[in-house]
Amino acid sequence: MNHTVQTFFTPASTHRPPNYEILKEEHEVAALGAPHNPAPPTSTVIHIRSETSVPDHVVWSLFNTLFMNSCCLGFIAFAYSVKSRDRKMVGDLTGAQAYASTAKCLNIWALILGIIMTILLIIIPILILQAYQ
């Protein structure tokens, strides 16, 4: 650390030694003084339990609600996903896991039925058109 010290000369008639600029660190030490408590510092340890991540499947449920909502399974899955998220926010991981499991099952069924219905809506008109030709 490079510190420069400037000398300020006083008139010779005062018979005082020259004033030097006090370095910032020296001034802080002089202002704060030595520590008043000789006891060793204490530490506090906080144990944070590792929470298992409970997926709530909200995005998947929202997708199924908007695009694959056969028999309203996507909407019901979305409701269970929101309940799972609420339980997770409260700290009830068991309840959150139960709601998430139900939402996952409903999402799987909504996706399967949605894909089957989409395929049937494509294949049936093609078969009907071929039958009339």
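A crossing is left-handed if the near helix is turned anticlockwise from the far one by less than a right angle, and right-handed if clockwise. Helices are DSSP runs of H or I, at least four residues, numbered from the N terminus. The model is predicted: local features need pLDDT of at least 70, side-chain atom pairs count only at pLDDT 80 or more, and totals for chains, interfaces and linings use all residues. Residues are numbered from 1 along each chain as its sequence is written, and side-chain values use heavy atoms, without hydrogens and water.

**View 1. Helix α3 against α4.** α3 (residues 73-90) passes α4 in a left-handed crossing. Their axes, lines fitted to C-alpha atoms over the stretch in contact, come within 8 Å and cross at roughly 160°. The two are therefore roughly antiparallel (angles over 145 degrees between N-to-C directions, on a scale from 0 to 180).

**View 2. Helix α2 against α3.** The axes of α2 (residues 58-66) and α3 come within 8 Å, crossing at roughly 160°. α2 and α3 are therefore roughly antiparallel. The crossing of α2 past α3 is left-handed.

**View 3. Two loop residues with positive phi.** Most residues other than glycine have a negative phi. His-57, in the loop between α1 (24-32) and α2, has a phi near 60°. Cys-72 has a positive phi of about 60° and sits in the loop between α2 and α3.

**View 4. Ile-124 on helix α4.** Ile-124 lies in α4 (residues 93-132). Its relative accessibility is 44%, so Ile-124 counts as partly exposed.

Terms used
Buried < 20%, exposed > 50% of the residue type's maximum accessible area, 1.4 Å probe, protein only. Parallel < 35°, antiparallel > 145°, perpendicular 65-115°, else oblique.
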